[in-house]
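Trainee: Could you take me through one part of this model in detail? I'd like to look closely at where the two chains meet.

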2 protein chains.
Amino acid sequence: MSGQAPGAAGFVGMEMFRPDPTPTAEVHEHEAVRVGLAEAVRDLVDATIRSTVADTEIADVERGVRDLTARLRVQQTPGPFGVRYNDEFHAWNWGNAVVGRANAIAPPLDLVPRDGGGLRAQLNLGAAYEGPPGLVHGGVTMLLLDHLMGEVASAGNTRVTLTGTLSGRYEAPTPLGEVVLEGWITGEEGRKVLVDATIGTVDAVCVRAAGVFIVPSWAASDDGGTSAHA
Amino acid sequence: MSGQAPGAAGFVGMEMFRPDPTPTAEVHEHEAVRVGLAEAVRDLVDATIRSTVADTEIADVERGVRDLTARLRVQQTPGPFGVRYNDEFHAWNWGNAVVGRANAIAPPLDLVPRDGGGLRAQLNLGAAYEGPPGLVHGGVTMLLLDHLMGEVASAGNTRVTLTGTLSGRYEAPTPLGEVVLEGWITGEEGRKVLVDATIGTVDAVCVRAAGVFIVPSWAASDDGGTSAHA
């Protein structure tokens, strides 16, 4: 995520957009280290679900996890990560539930431009995202779609958008494994941005979604350059 | 989750409903140990997002996490956890993305009966569920609502239901912290079950959702006793 942090009043949680003096080059260095840890924790989440080792070994591993956690908590932010930004117009949201690179809950989703406009993502969903046996949890499909569609609506982080309504039609179950998401703008009406999106396998669409995203009145001026969809 | 596992053909992923000979009492013993580990991993996920210790320490903790993960992987299921059931009519889905007690991604959601019918859940959402700064990710609200509504539709696990459509209206941002979900059946039309639900703070509704859940034709016989919503 990059773009100028909004300075307008009236946005709930606005105080969590935190100015941070760290130069961008240094931010990237810290990020690489934290991405490494988050990837290791993601792998641990998967192993925790699938392990069939003895209860005594599980309990011993738990003690190890608690020790490591205590080392991380020696120094920490008092609350959620929020979104940080520096005076080089760089912003970072490592804690985001879908794209946060330091958040082991986030797959994370990597968004790339889609042919014909909008955004696309392809990723592998493992055991941690299961709902019905062997299938992606239906709510996880909505979680990922919501995020991608919001990013599509924000048009390359050139404007702030908030989700108004989001609807999904589950046409087929989505198997765990490689999934593909696509989203694109279908229209704009005043401060409303209409977005369609799909999620499915590499070969077939499983869930279709339609969303209405709103540009808040405080952000609808033409000075642009703000970004808050997350 | 409890209830008889479906034996009908035609349900994608059906092979992942795994018969397991473990007696229920022993299942509960194993579960308690795995719940302990998953809770510790949940705490590690939070600390990974919020820690501000030195990069060298982060890297060292990462090595520790990888060592513990390797110990868990000495013996494991080849794929996702699925849903297991034994001949005492007990079933368990520890890997579920929303309610799985061995899944550190799951908050997890604990569902209780709601006054007036349906189900209710109250839980604390921390840094790992953040979208916009200080707020619950909009997609996370849909993830939790989808699951609760599916459980409501399955009417105490007395029937199989699959999500047909799900719509959410975001009336206000949901702050991180204590959140409340409620869902209830508003009508039934043939094999369709209509469910309404809300999520918000203890004091106010933030997102309203409506869903249509479908009883699959293969499960619509009157023999009852099956449960597949997850």
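Mentor: Start with the helix pair. In this predicted model, helix α2 (residues 55-72) of chain A packs against helix α2 (residues 55-72) of chain B at an angle of about 170°, and their axes are 10 Å apart. Angles over 145 degrees count as roughly antiparallel, so α2(A) runs roughly antiparallel to α2(B). As for who touches whom, chain A brings A:E57, A:I58, A:D60, A:V61, A:G64, A:V65, A:L68, A:R71 and A:L72, and these meet B:E57, B:I58, B:D60, B:V61, B:G64, B:V65, B:L68, B:R71 and B:L72 in α2(B). Sort that contact by class and you get 10 nonpolar, two polar and six charged residues. Among the charged ones, have a look at A:R71 and B:E57: their side chains meet in a salt bridge, 2.9 Å from N to O.

Now zoom out to the whole interface. The rule finds 10 salt bridges across the interface of chain B and chain A, while a search of the whole structure, over all chains, finds 25. The contact takes 87 residues from chain B and 87 residues from chain A. About 8,000 Å² is buried between the two chains, and carbon and sulfur atoms give 62% of that area.

Chain B superposes on chain A by a rotation of 180° with 0.0 Å of shift along its axis, at an RMSD of 0.0 Å. The two copies are therefore related as by a two-fold rotation axis. The same surface serves both of them, with 100% of the contact residues of chain B recurring in chain A. If you want to find the axis on screen, go to B:S167: of the residues of chain B, its C-alpha comes closest to the rotation axis, at 2.0 Å.

While you have the model open, check one salt bridge inside chain A too. A:R208 pairs with A:E171, with the closest N and O atoms 3.0 Å apart. A:R208 sits in strand β9 (residues 205-214) and A:E171 in the loop between β6 (162-170) and β7 (177-189) of chain A, so the pair ties together parts that are 37 residues apart in sequence.

Last, some backbone details. Most peptide bonds are trans, but the one from A:P107 to A:P108 is cis, with omega near -15°. A:P108 is in the loop between β3 (91-92) and β4 (112-113) of chain A. In chain B, a cis peptide bond joins B:P107 and B:P108, with omega about -15°.

Terms used. Residues numbered from 1 in each chain as written. Chains lettered and ligands numbered in written order. Predicted model: local features only at pLDDT ≥ 70, side-chain atom pairs only at ≥ 80, totals over all residues. Heavy atoms only, no water. Axes fitted to C-alpha atoms, helices over the stretch in contact; angles between N-to-C directions. Helix = DSSP H or I, 4+ residues; strand = E, 2+ residues; numbered from the N terminus. Parallel < 35°, antiparallel > 145°, perpendicular 65-115°, else oblique. Contact = heavy atoms within 4.5 Å. Nonpolar A, V, L, I, M, F, W, Y, C, P; charged D, E, K, R; others polar. Least-squares fit on C-alpha atoms with pLDDT ≥ 70 in both. Buried area = accessible area lost by both parts, 1.4 Å probe. Salt bridge = Lys/Arg side-chain N within 4 Å of Asp/Glu carboxyl O.
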